[in-house]
Amino acid sequence: MNHIAFHLHKIFLGKQNGLLTFKLGSVQKQLFFQDGNLVDAKTNVAEERLGEILFKLGKISDDAHTEIERYLEPHQTIGETLTQRGLISQRNVDDGLTYQIREITLSLFPHFDAEIAFQEKPSLAEQNFSRRINVAYLIEDGIRRMKFHQDIQKNLAKRTPFPKDQTFHHLLTQEEKEMLGKITGELPSDALWRSLKYNPEFYWKSLYLFYCLNLIDFEERKEVVEEKQPEPRPSSPEAEEQLEEILTFKEKLPRMNYYQVLGVAKTASEEEIKKAYFLLARKYHPDRFSRALPRDTRVLIEEIFDQITKAYRTLMSQDERKDYDAGMSSAPEKGPKDPTKLADTKFRQARTLFNRENFEDALILLEEAIRLRKNKGDYYLLLAMTEARIPAFRKKAEEHFIKAQELEPWNPEGYVGLGVLYKQEGMTTKATKQFERALEYDGDHEIARRELGILGKGEKRGGLKSLLSMNIFGGKKK
């Protein structure tokens, strides 16, 4: 399979220097790599040129964009010309170039029929590039954005996956982490798929993502004749009674509303709902059942627990509970939601939980929101701020602040948040640079100005809590 993610995987792991060329019809693009990092990109697509990118990001005015062809000078880039004329700052040009390189690369992921070739160029190792973009994050973002393609399944089906490096485990959603945990190196990819309850598109795209992030590798499948083993059956009276209870509950589920699923009154408080959920979780969580149960029974258990969890999530959210109550009279259950709207709902719920300092639950909702919408900078910003309040997740917080900056390089809050985090870790120089970057985008930013003054005086007050007191998703509180 000649796909961009395969090439990026090899270049990144091998820390290679060179030029990757992409051709599809009249479209031609070039990616430049130094020590496995993406450092530059070129394109012949008009919409991806720097002038268009700067206008799209709001870095140049409508008048400057209209007259951009008139500004072009021989032997100068458009960025150099615009800065010399005072139409844009060098920092804005740099941010535009970073955004342009990412978008040129991400635009390659949907294509499985292009001509792609990589040529090693040792000379690139000696050049001084001002940008270095982490390829692992590009791989993750690109695979998540692209639609499923049958070539992925064809290429991976006959190969046996086994666990490998866990460096980028934190980039996965909870569901992906659960799937990765079921990869042991014992079953070929297609046999593993048949044994698990996963949507095929989710399964194969996730497997491809695991490979390209070096979380797994593959052994070629040996030609063997699979013998179908009979499913083990529970034999004890307790197991038979347990199975009967499962079947009875599953039969009732289609006729039950969410309150009935949890066994609570419609007026139940959040505490009552939470208590009912944990009682049912101790009873029906899939991990509490023996793996000796038949496969179809395990599927039933997972379906039951999915419905219990869905009921709990809905009733614990004020907005979703209100919508659900309003729709109960006309339908027992609401239809599937638009992923974008659902992601925004989960983000709003997470923000509410964050403001209540319920950081663990907020973290779960934010991971779900990002799984549904991968390119929202404010999602990653709130995720990073949440992780910064949980000691075990502080390293991830740094990575997600950087991700928020990559997605929205013009948003000063990503720099302020990371600056405060660095300050708390005693990394004063790094913190100062982040606050200075924030002021380049918002010269009046209250926290950035105050923190720079504090750092200059060597004081140790303020911190992440000050940042959290701001309305970062609306206007500034001054």
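In strand 4, Glu 120 is the bridge partner of Gly 18, where strands (E, at least two residues) and helices (H or I, at least four residues) are DSSP runs numbered from the N terminus. The model is predicted, so that local features need pLDDT of at least 70 and side-chain atom pairs count only at pLDDT 80 or more, while totals for chains, interfaces and linings use all residues. Residues are numbered from 1 along each chain as its sequence is written, and side-chain values use heavy atoms, with hydrogens and water left out.

The protein chain has 24 helices and six strands. Of its 478 residues, 49% are buried, a term that stands for under 20% relative accessible area, as against exposed for over 50% and partly exposed for values in between (1.4 Å probe, protein chains only). Among contacts (heavy atoms within 4.5 Å) between residues at least 6 apart in sequence, 67% join residues at least 24 apart.

Four strands form an open sheet in the order 3-2-1-4, and the pairing is antiparallel; two strands are said to pair if DSSP finds at least two bridges between them. The edges of this sheet are strand 3 and strand 4 (115-120), each of which pairs on one side only. Neighbouring strands are turned by 20 degrees against each other on average, direction ignored. Strand 1 (residues 18-24) pairs with strand 4 in the antiparallel sense over six bridges. Strand 2 (residues 27-34) and strand 3 likewise pair in the antiparallel sense over six bridges, and Phe 33 has Leu 38 of strand 3 as its bridge partner. Strand 2 and strand 3 form a hairpin with two residues between them, and Asp 35 in the turn has a positive phi of about 55 degrees. Because six of the seven residues of strand 3 (residues 37-43) are buried, strand 3 is largely enclosed by the rest of the structure.

A helix pair was also examined. The axes of helix 19 (residues 377-388) and helix 20 (residues 394-407) come within 8 Å and cross at roughly 160 degrees, the axes being lines fitted to C-alpha atoms, for helices over the stretch in contact, with angles from 0 to 180 degrees between N-to-C directions. Helix 19 is therefore roughly antiparallel to helix 20, given that angles over 145 degrees count as roughly antiparallel, under 35 as roughly parallel, 65 to 115 as roughly perpendicular and the rest as oblique. The contact involves, among others, Tyr 380 and Leu 381 of helix 19 and His 400 and Phe 401 of helix 20.
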